[in-house]
Amino acid sequence: MRAALVKYAGSVELKTELSSHIKPVDIITKTKHGETLSQEEIFGWVNGITSGKVKDYQTSAWLMAVCLRQPPLSKDETVDLTLAMAASGEVLNLDEFGIVADKHSSGGVGDKTTLVVAPMVAACDVKVGKMSGRGLGHTGGTLDKLESIPGFRVDLNKEEFIRQTDKVGIVVTGQTGDLAPADGVLYSLRDVTGTIDSIPLIAASIMSKKIASGANTLVLDVKVGSGAFMKTLDEARELAKTMVDIGRSIGMKVIAEISDMNQPLGEAVGNSLEVLEAINTLKGNGPPDFYEHCIDTAAQIILLAGKAENMEVARGLIERTITEGTALGKFRDMVRAQGGDENVVDSPEDILSIAAPHDVYYEGEDGYIGEVDPMVIGLTAMRLGGGREKKGDSIDYSVGVVTKCKVGKQIKKGDLIGVIYTDDQSKIEESTLAIQNGITVGKDFVAPPPLIHEIIE
């Protein structure tokens with residue numbers, strides 16, 4: 001039944017208004033008291049939110065009730081909420097193209113993984129149709145990174161999205177206005193009412209958009225650590241399991257990997273700098289940790305898609321897309337199809353806007369790096385202009401930070417620990433001090449954290 005709800009999201013029964021016998025205060029009260037909401041109540045409630053029949057103050061009260069409710073929303077209630085949010089707008093159906101893959105990351109410092117993983121997967125004859133968002137915080141999102149490529153379009157309409165998925169086999173674009181509009185209403189209210197940190201609400205927000213965008217094969221990359229929204233493994237595990245359960249309940253092929261974000265991923269933090277690092281990685285010259293993470297994530301996708309019988313074979317197929325240049329070719333195809341300057345593939349330093357570099361050197365005692373604070377690096381990039389403090393802020397694609405520090409690395413006084421990219425001389429001293437203070441060095445060796453903590457199936 002749930003698969004049918006998503007498949008036929010345009011049907012009349014899903015667009016009915018909040019039933020006349022259901023009052024908003026009753027939904028709020030039932031939620032507050034931990035009483036189970038029926039599917040009809042949840043769909044009617046979400047439809048009322050989308051149509052404006054349910055007022056913002058009522059929605060805000062309900063969001064707080066969800067966050068404080070004991071017991072929390074059940075699995076069935078969370079699934080119904082997700083499907084109702086997906087059904088609040090248009091739901092794409094890409095099943096005619098067979099397997100269509102997507103990847104979602106919960107975000108982190110230096111996380112430009114989509115730019116590498118999507119071409120790798122597409123080069124293994126698995127179509128990738130991905131709708132992404134913009135960043136809020138330390139750096140831009142996937143769309144901001146791609147827009148640092150001159151001419152690159154991220155505003156494809158539905159017809160263009162479907163056509164490129166079919167003909168090119170890879171597309172990364174922005175979400176259309178008709179995609180899960182209920183989520184837009186709910187998220188804007190969660191942002192200002194202190195109701196962001198609810199696992200059911202986070203899971204429903206992410207998965208409603210993934211369901212609505214039409215992909216049928218999904219790998220979720222849930223970050224955990226000091227630079228992630230989920231600070232503990234237990235929190236990350238709960239979110240991952242909730243999202244996997246939602247996907248599985250409607251027949252989606254989905255797994256989640258819990259990956260580490262206790263230090264920046266790769267080296268580059270900043271939009272053009274991250275595109276440059278992604279292109280270098282597709283050429284086989286990326287930072288080892290970032291390269292390995294991309295290989296693992298892409299291999300998980302093609303394993304899930306049935307293109308390999310085990311992880312070892314999947315990794316071999318993905319690594320071959322780098323050595324044979326087919327992944328780089330798919331990246332070029334995507335850039336060309338979306339109006340970008342494809343010369344960025346051959347000469348990225350000439351095409352991308354990159355500010356002047358300023359080296360930062362270590363000034364402390366010799367030892368081993370025990371910590372690289374990802375948020376210090378990320379916020380430094382943001383203050384240079386590479387991220388948004390609030391929605392609507394403009395972004396400077398050219399600025400950012402390249403860190404040369406990794407946990408476990410031996411370091412001596414005078415070693416290069418980072419490079420600041422900015423044309424604003426007034427920001428160099430503050431940024432230099434931040435990078436120096438962002439690393440912790442001790443006399444004893446500290447083992448680097450694992451890239452992947454566990455897989456949730």
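Mentor: Before we start, note that two strands pair if DSSP finds at least two bridges between them, and that the model discussed here is a predicted one.

Trainee: Which residue in S12 is the bridge partner of Tyr368?

Mentor: Begin with the strands themselves: S8 covers residues 367–372, and strand S12 covers residues 439–442. These two strands pair in the antiparallel sense over four bridges, and at one end of the stretch Val372 stands opposite Ile439 in S12. For Tyr368, the bridge partner in S12 is Gly442.

Trainee: And which residue in S10 does Tyr368 stand opposite?

Mentor: Strand S10 consists of residues 410–411, and two bridges join S8 to S10, the two strands running antiparallel. Two bridges meet the requirement of at least two, so S8 and S10 count as a pair. Within S10, the residue opposite Tyr368 is Gln410.

Trainee: In what order do the three strands form the open sheet?

Mentor: Strands of a sheet pair through backbone hydrogen bonds, either parallel or antiparallel. In this sheet the pairing is antiparallel, and the edge strands, each of which pairs on one side only, are S10 and S12.

Trainee: Turning to the helices, at what angle do H9 and H10 pack?

Mentor: Helix H9 spans residues 181–193 and helix H10 spans residues 199–212, with their axes 11 Å apart. Their crossing is left-handed, and in the contact Asp183, Tyr187 and Arg190 of H9 meet Leu201, Ile202, Ser205, Ser208 and Lys209 of H10. The residues of this contact divide into three nonpolar, two polar and three charged. The packing angle is about 150°.

Trainee: Which element gives the most to the lining of the largest cavity?

Mentor: The structure holds four cavities of 30 Å³ or more, and the largest has a volume of about 50 Å³. Its lining is made up of Asp102, Lys103, Thr114, Val117, Ala118, Val121, Val128, Lys130 and Ile301, and the elements that give two or more residues to it are strand S1 (100–105), helix H6 (114–122) and strand S2 (127–132). With four residues, the element that gives the most is H6.

Trainee: How many residues of that lining are charged?

Mentor: The lining of the largest cavity includes Asp102, Lys103 and Lys130, and Asp and Lys both belong to the charged class. Besides these, the lining has five nonpolar residues and one polar residue. The number of charged residues is three.

Definitions and conventions:
Residues numbered from 1 in each chain as written. Predicted model: local features only at pLDDT ≥ 70, side-chain atom pairs only at ≥ 80, totals over all residues. Heavy atoms only, no water. 1 Å grid on protein atoms, 1.4 Å probe; cavity = no way out; pocket = protein on both sides within 12 Å on 5 of 7 lines; lining within 4 Å. Points joined across faces, edges and corners; volume = space filled by probe spheres on them. Axes fitted to C-alpha atoms, helices over the stretch in contact; angles between N-to-C directions. Left-handed = near helix turned anticlockwise from the far one by under 90°. Contact = heavy atoms within 4.5 Å.
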